[in-house]
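Hello,

Here is the structure I promised to pass on to you. Have a look at it first, and then read on for what turned up.

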Amino acid sequence: MSTEKQKTDFVAIGEKWQQYWAGIKLAEAPETPQKKYFVMPMFAYPSGDIHIGHFRNYSITDAIARKKMMEGYDVMHPFGWDAFGLPAEEAAIKNKRHPEEWTLHNIEVSKATLQKCGILFDWSREVTSCLPDYYKWTQWLFIQFFKKGLAYRKTATVNWCPTCNTVLANEQAAGGVCWRCENPVEKRELLQWFFKITEYAERLLAGIDELDGWPDNLRTIQRGWIGKSIGAEVDFVLENSEIKIPIFTTRPDTVFGVTFMTLAPESPLVEQIGIPDDRRAEVNAYIEAARSKSEIDRTAQTEKDGVFSGCYAINPLNGERVPIWIGDYVLATYGTGAVMAVPGHDQRDYDFAKKYDLEIKYVIDTGRGQDWYDKKPAADPAYGTMMNSDRFDGQVGKEGIRAVIDYCEEQKIGRACTNYKIRDWLISRQRYWGCPIPMIHCKKCGIVPVPEDQLPVELPRGDIDFMPTGRSPLADVKEYIEVDCPECGGKAERDADTMDTFMCSSWYFLRYCDPKNETAIFDPKKAAAWLPIDMYVGGIEHATGHLIYYRFFTKFLYDLGLLKLEEPTVRMFNHGMVNDEQGRKMSKSVGNVVSPIDLVGEHGPDPVRLAVFFAAPSEKEIQWSSAGITGTERFLIRADQFVRSADFSGNTDLNRTFGMADLSAEDKKAYLAFQLALQKINFDFERLQFNTCTAAVMELLNIIPNDISAEMRTYIAGNIVRVLAPLAPHTAEEWWAKVLGNSESVFRAAGWPSVDQTAIAAATITLACQINGKVRGQISVPPDTDNATIEELAKAEPRVQKHLAGKTIKKTIVVPKRLVNFVVQ
């Protein structure tokens, strides 16, 4: 069979079996699953057609879904479109099209591409966030947050992207740059809607401990973003005034060492402290310069600077006068926007004090000796015994911290305090293409929700100037804005802003469970039947945005009694990015995307799919080159030749086992090679290492002797069809039907093969798995297994996994043919 002929066959095979799967509704999940598995990728921004990066991500979940089908699960593998918001609107503007027209066209094109690529989504559950039947319930959710006091409106310093002409949530301006255009953001004072996610900070933090199936680095990022700090809030007082300046500190034991304090330039306190006229010009110039810096620039600059305000505060514990400085290294969004400075025990404060010749005092004795303290060579941040601290002298460590807090509470000059870095979620946007905010502003009644029986509030269509100017475009649509108040019937106005696109993506997975419901956001019984999500695949770039927001929504809906769980996902997998041949991130906005549609049209879906899988492990970046397709075509041709060389005319039991003693030397070698390959495929598939799963079959074909018996050839060939089915589904379906002669789909009838552990045990060695020298489990491996594989297999052993949870591996020792020992802390 020629390569050119086979290429044509792969295309035809793809089209043939896609039609067959659609006809038998293979992808459609039952309403009530008996043995459920819910797998999904993050839904897509329809700002253009699907590119090879999307193809990779969706092929990952497709492979998982197909294998789970073979294992007997009722699988839900749904898809939808994150169709509102900046990505879609910016693409529409760039292409000079109306956002709705552009978005719906892209959805149609992208859906056709996905279907031609053979991604087995359950399209009967498709959701599109820009359609009224979906955003009706986004608006309903907004109103529920409002009713519970968790949605509020206030004037605040916000992140403003001058390129996109809209505000951004803190999570969308991480690092001081816009999440979408990657340009620096500014600070502005605007009246905006917020969600009180801070009310859920502790629960969001505590819930991370339950996310055993999430990557450690993702959980670490979320813990850091929530940023819990335990300490005290101490009320310093402005000199000759009753104005309090609350200061949060995690080290109240050092409060007697305070020699200055610093306010954030944008803190409201700056205007309250009464800056003297002779300091006003310099202070104003400094504040204006700070406005031009991003938060990342302000916090990352190695040398901190500031300006003296000319004002003083009084330390409530010792009555000392404390100069007030203004410094841009302090952020108004964290703590109280003011920090006490203890240069003797904080290196940042020490450097600042040395730069501006401010006093340095030591109030914690760590045993360095008086000579060291007199010379003042550096800050000493360690815990120790309090000194130079009046009544607290001699108190040690946490004992001293507790004593200071107790005293502050007794004297009503402070209090124990837990602070969180996470800020309330800013959800309003000054853009056209978004979900309308279902609130009405009445001069008499205040802010009133739209009655729920009047939802959805539809986004106005027609001749609307939707170009972003920094002012909400809907404010100029008179027939939309002007309404009657639902409470008093008087003249009122709709809210002119739209919602952040992440509102739409915070609950879409729930709508998959009940997508056609017209009377409720979802039926709680249907949600309970499918939740939690068993496997969620998406990018780690959403760690501090969507992946926190959707956890927040889940907890909120749990509190409303609509859900029975507080965490939505059992296992989260972060896929790697797909870069172009020059190593640049592949992106529609950059214009360097590669569409899979042409590749699939030329080579067929399976060779392209395998080339993507084979390029790297699923969590790693790949540098895409279509040259890899040639290799996977050759592999499929070779596999095809082997499968077709077997005789399936008789009754073939692919689940049977063979007694090793009854086999010829050639059959024994082939049978053991297959069992070891299957064991590796099972192990690597669980880790989504599809590159090594494919490589295992390649190696198997190289190992199998030519002169094996017909019975063994048939057994191995039939099982190669089964193990390749999730990876090369169209080709495997062709083999299953046309070579093996089966009438029902391989994904419904074949089952997944089981490893013959007896055969492996006879040809493997057993290694003890130790943790700090104690045996916690054992693994069986071939004698020539390399140390890296031994280490990975040992980590995956269930009992070892349990004992390693929450511990850091400091060292791994592999003693050949005897044991593997993890030294942990």
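Lys96 sits in the loop that runs between α3 (86-94) and α4 (99-116). This is a predicted model, and in it the phi of Lys96 is near 55°, a positive value in a residue other than glycine. With a relative accessibility of 77%, Lys96 counts as exposed.

Now to the chain as a whole. It has 825 residues, of which 56% count as buried. You will find 29 helices and 31 strands in it, and the C-alpha trace spans about 100 × 75 × 50 Å along its principal axes. Among contacts with a separation of 6 or more, 73% are between residues 24 or more positions apart.

Next, the interior. In general, nonpolar side chains tend to be buried together in soluble globular proteins. Here the largest nonpolar core has 116 residues, and those with the most contacts inside it are Phe195, Trp425, Leu531 and Trp624. Leaving aside neighbours within four places in sequence, Trp624 is in contact with residues including Ile52, Val578, Met586, Leu599 and Ile629. Another core, of 75 residues, lies apart from the largest one; Met70, Ala646, Ile704 and Ala717 are among its members.

Pro532 is in the loop between α17 (524-530) and β24 (533-538). A cis peptide bond also joins Leu455 and Pro456, again with omega about 0°, and Pro456 belongs to the loop between β20 (446-449) and α14 (478-481).

How do the axes of α22 and α23 cross? Helix α22 (residues 665-686) and helix α23 (residues 690-703) have axes that come within 8 Å and cross at roughly 175°. An angle over 145 degrees counts as roughly antiparallel, so that is how α22 runs relative to α23. On the α22 side the contact includes Phe674, Ala677 and Ile681, while α23 brings residues such as Phe690, Val697 and Leu700. The residues of this contact divide into 11 nonpolar, one polar and three charged.

The other pair is α5 (residues 132-147) and α18 (residues 546-559), which pack at an angle of about 65° with their axes 12 Å apart. These two helices are therefore roughly perpendicular to each other, and their crossing is left-handed. Leu141, Gln144 and Phe145 of α5 meet Phe552, Phe553, Phe556 and Leu557 of α18; six of these residues are nonpolar, one is polar and none is charged.

Finally, two buried residues. Thr694 is part of helix α23 and counts as buried, at 0% relative accessibility. Beyond its neighbours within four places in sequence, Thr694 is in contact with Leu610, Phe614, Phe635 and Leu727. Ser267, in the loop between β10 (260-263) and α8 (269-272), is buried too, with a relative accessible area of 4%. Not counting residues up to four places away in sequence, Ser267 touches Ala332 and Gly337. Ser267 and Gly337 are 70 residues apart in sequence, yet 5.9 Å apart in space, C-alpha to C-alpha.

Best wishes

Terms used:
Residues numbered from 1 in each chain as written. Predicted model: local features only at pLDDT ≥ 70, side-chain atom pairs only at ≥ 80, totals over all residues. Heavy atoms only, no water. Helix = DSSP H or I, 4+ residues; strand = E, 2+ residues; numbered from the N terminus. Buried < 20%, exposed > 50% of the residue type's maximum accessible area, 1.4 Å probe, protein only. Contact = heavy atoms within 4.5 Å. Axes fitted to C-alpha atoms, helices over the stretch in contact; angles between N-to-C directions. Parallel < 35°, antiparallel > 145°, perpendicular 65-115°, else oblique. Nonpolar A, V, L, I, M, F, W, Y, C, P; charged D, E, K, R; others polar. Left-handed = near helix turned anticlockwise from the far one by under 90°. Core = buried A, V, L, I, M, F, W, Y, C linked by side-chain atoms within 4.5 Å.
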